[in-house]
Amino acid sequence: MATSEAKPTNKIQVRRYKPEEYPEKHYLNEETGIWAWMTTVDHKKIGLMYLASLAFFFFVGGMLALVLRTELLTPARSFMDADVYNQIFTLHGAIMVFFFLVPSVPAALGNFILPLQLGCKDVAFPRVNLASFYIYVIGAVFTLIAILTGGVDTGWTFYTPYSATTGGNVMMMTLGIFILGFSSILTGVNFITTIHKLRAPGMTWNKLPLNMWALYATSIIQVLATPVLAITLLLLTMERVLSIGIFDPALGGDPVLYQHFFWFYSHPAVYIMIVPGFGVISEVISTFSRKIIFGYWAIAISSLAIAFIGFLVWGHHMFTAGQSSLANMVFSFLTFLVGIPTGIKIFNWVATMYRGSIDMKTPMLYAQIFLFQFMIGGFTGIMLGALAVDIHLHDTYYVVAHFHYVMMGGMVMAFLAGLHYWWPKMFGKMYSEKWAKFSAIIIFIGFNMTFLPQFVMGSQGMPRRYFNYIDQFQSFHQFSTIGSYIIGIGFFIMFGYLLYSFFRGEKAAANPWGSRALEWQVSSPPPLHNFEHTPVIINGPYDYHKPMSEFQLGIASKHNGHHAGEKVDISTTVKDKA
Amino acid sequence: MNRFSDFMLPPAKSTTAETTDALFHFINVTSLIFLVGITIAIIFFSWKYRRRSDEDVTPVISHNNKLEITWSVIPLILVMIVFGWGFTGYMNLITIPDDAYEVRVVAKSWLWEFHYETGFVSVNELHVPANRPVKLVMSSDDVIHSFFVPDYRVKMDVLPNRYTSLWFEVTEPGESIVYCAEYCGTAHSNMLATVFAHTQEDFDTWLETAGSADDDMDPVELGEQLVTRNACDTCHSTDGTRLQGPTFQGLWGSEREMEDGEIVVVDENYVRESILEPNARITKGYQPVMPSYAGTLNDRQIDAIIEYLKTLQ
């Protein structure tokens with residue numbers, strides 16, 4: 001493994017190691033067996049367990065969506081009753097939001113990649129990390145019980161007083177989501193601590209990968225906003241169980257107060273879902289353009305700005321709810337401010353591609369699909385932020401299309417970009433580029449077919465959550481339904497080639513994309529403890545103008561860095577060359 | 001532009017719709033320019049700077065302050081224009097003219113009641129004068145609903161614990177659809193109504209004669225009309241189909257088991273009680289969701305409905 005090559009840097013000698021290609025021992029074949037997996041504290045395995053759960057929930061949520069779209073083929077009843085339809089759209093929303101989108105990038109990809117990008121062996125609190133996975137599972141079990149014992153038909157927003165009066169097992173469902181929130185909080189705490197305390201020597205804040213900045217911003221929101229959701233659900237429970245009037249007007253409560261509580265969490269939650277996607281896109285675009293990222297600080301700071309302003313815009317979900325006009329004005333104003341850092345990011349990504357060396361591999365294709373669809377999501381968000389227009393568009397299919405463009409067109413595409421980008425690192429296998437691109441294009445076509453007509457329907461006045469609709473919308477609905485089937489086919493193909501890759505894929509090299517980022521300097525799949533030695537970081541993760549050899553893992557002396565007497569405080573002695 | 005507008009938006013039938021539509025088009029056009037421009041840049045860069053060999057060397061362009069300030073400030077100016085425009089339009093939407101004609105709106109799951117100054121109540125049919133501001137004072141009897149008329153570009157939530165209001169001025173006589181836009185349960189998507197805008201004279205005539213036309217009608221015929229007018233048929237079919245409530249077909253005179261096990265014969269008193277206090281006794285297998293019609297239907301009208309039910313065997 002060692003081609004010992006001494007590279008002179010400013011002050012210290014760094015001895016570099018080429019990563020072992022096609023390692024015989026790695027995290028997947030050490031400590032095997034069910035029990036070892038269930039009790040593992042390895043962040044990579046926990047990440048994969050999250051990934052498997054997410055895939056399951058995405059499948060369930062996606063099938064529910066297809067069932068809904070099928071029902072909407074005809075204006076009246078097609079094959080299910082209104083009550084069943086209402087339960088299914090509630091489940092689709094709740095599962096996709098709470099069980100897929102919120103944990104998707106942070107808990108699955110984030111868990112896997114965070115310590116590898118920081119140059120540490122694991123997250124700061126490995127056991128807490130495992131606990132948060134089990135809390136997620138327990139939350140999921142409660143939700144499953146709720147579904148099997150009566151179902152829930154409140155919509156994923158659980159608006160009072162409807163949720164207080166309807167039948168079904170609303171309590172169990174909210175309890176499940178309450179529990180789930182703790183998983184989110186613990187992951188956030190873990191990530192913040194890890195990013196602060198466990199960065200490898202030399203990894204200063206200005207060499208932190210942008211994916212880490214994004215996860216850092218996300219974790220702050222998770223830690224600060226999720227408790228509000230817990231409080232809200234607890235108040236809801238107190239009201240239903242103890243009949244204390246908080247939200248239900250029959251008991252002297254105020255239903256609009258519930259909406260404030262709910263959106264105080266759920267709007268920042270939208271950023272919990274999308275900001276990690278921004279991180280993935282930064283990594284992918286820089287790697288496949290083989291070029292230094294444009295405006296590193298602009299992208300890093302805009303993530304934090306989005307996280308911060310994102311806390312102050314919740315009221316834009318309530319422009320028609322009867323809050324004061326002054327509040328409406330302030331919330332509208334702040335909503336536009338949050339659009340600016342988002343726009344800055346898009347310009348920076350496009351500028352990174354300028355004069356790059358662009359390799360249109362699958363992750364890059366997904367990143368570009370992300371850019372296109374996320375822009376549509378963003379622009380329609382500006383539309384919804386404009387007060388007079390929102391009065392017309394609120395609670396119509398326009399809103400449905402808008403958030404699907406942001407969440408699926410944006411977030412899910414970013415997730416897929418990340419999944420395809422890190423897949424070789426996770427499993428040490430390559431997938432078929434041909435099939436992967438093919439399915440990406442199928443998903444792209446299907447997605448736009450599904451949701452573009454919904455903008456038109458919404459503008460024309462088609463309200464959301466409608467089981468029946470008037471005849472004039474039928475052709476739009478049918479077009480949309482056909483689009484959703486095409487998305488389904490795209491994901492089916494993806495499932496096929498990823499499964500094939502997992503079992504029979506060609507072995508992946510340690511760094512198949514020629515990336516300068518730290519996680520690509522270890523073998524694929526990585527060793528059980530990530531790094532044989534604590535790595536020394538000298539260059540930034542996007543310094544593509546420097547030769548590849550300078551990015552190989554190194555230790556800061558001839559000897560193994562663990563030996564006493566050889567201690568070198570690298571972060572203070574190494575001058576940044578960049 | 002007009003064809004695009006006709007495709008995207010419903011016809012604009014209120015005085016405030018124009019501002020909303022203008023802003024809608026402004027945002028669409030501006031966004032489209034950005035979207036097309038940036039997309040072309042992405043595609044062009046991907047082609048022009050495609051990887052030619054693994055040895056490609058890329059320039060170090062880490063940032064450019066002038067460029068970055070430009071692309072932050074221009075969008076900022078644009079969104080501030082949109083904000084100001086949207087806010088001005090919104091102020092017009094919430095500033096109710098003093099001379100507005102007032103109608104009281106009560107939302108119940110799942111119907112709309114409109115109470116006029118004469119005391120007349122219409123269900124799922126709102127009659128208003130055109131070319132005159134109309135103010136709706138709204139409240140809900142149960143959960144949150146939302147009053148939405150796409151043709152007028154107005155929407156307002158209807159809450160159970162307070163009054164909300166909304167106004168519009170219809171520009172010409174005609175009909176428009178009303179939706180409930182806030183999810184309210186099983187028959188949410190059937191909670192529709194129609195606004196009829198009349199000329200002032202027609203409206204006055206309508207208001208004078210409203211309700212009195214029923215006087216010389218045959219009870220069965222009147223009952224049939226009342227069942228439609230009061231949206232009974234949203235939940236009770238007349239052809240045996242099971243909806244949210246029991247079907248009216250074959251209901252009269254039959255024996256029904258209640259939730260508490262009691263057996264009830266459907267007679268005059270049971271029907272009357274079910275209309276005025278619907279949740280007193282619930283047929284087994286159904287939810288207690290029907291709103292009360294006390295104050296909406298008078299005794300004569302209840303008699304007519306009973307006569308009508310008798311014919312549905």
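Tutor: We'll take the contact between the chains, then confidence, then some strands.

Student: Is this from an experiment or predicted?
Tutor: It is a predicted model.

Student: OK, how many residues of chain B are in contact with chain A?
Tutor: 70 residues of chain B touch 73 residues of chain A.

Student: Which parts of chain B supply that side?
Tutor: α1 (2-8), α2 (17-48), α3 (65-94), β6 (145-149) and β7 (154-158) of chain B each supply at least two residues.

Student: And which gives the most?
Tutor: α3(B), with 16 residues.

Student: How does that side divide into nonpolar, polar and charged?
Tutor: It has 41 nonpolar, 20 polar and 9 charged residues.

Student: New topic. What is the mean pLDDT of chain A?
Tutor: The mean is 89. Of the residues of chain A, 93% reach 70 or more.

Student: Where does it stay under 50?
Tutor: One stretch is residues 1-10 of chain A, with 18 contacts beyond four places in sequence in the model. Residues 558-578 of chain A are also below 50. That stretch has 35 contacts beyond near neighbours in sequence.

Student: Now strands. Which way do β1(B) and β5(B) run, parallel or antiparallel?
Tutor: Parallel, with 7 bridges joining β1 (residues 101-108) to β5 (residues 133-140) in chain B. In that pairing, B:A107 has B:S140 as its bridge partner.

Student: What about β1(B) and β2(B)?
Tutor: They pair in the antiparallel sense over 5 bridges. B:R104 stands opposite B:H115 of β2(B).

Student: How many residues does the hairpin between them go through?
Tutor: The hairpin joins β1(B) to β2(B) through 2 residues.

Methods: Residues numbered from 1 in each chain as written. Chains lettered and ligands numbered in written order. Predicted model: local features only at pLDDT ≥ 70, side-chain atom pairs only at ≥ 80, totals over all residues. Contact = placed C-beta atoms within 7 Å. Helix = DSSP H or I, 4+ residues; strand = E, 2+ residues; numbered from the N terminus. Nonpolar A, V, L, I, M, F, W, Y, C, P; charged D, E, K, R; others polar. pLDDT = per-residue confidence, 0-100. Pairing = 2+ DSSP bridges.
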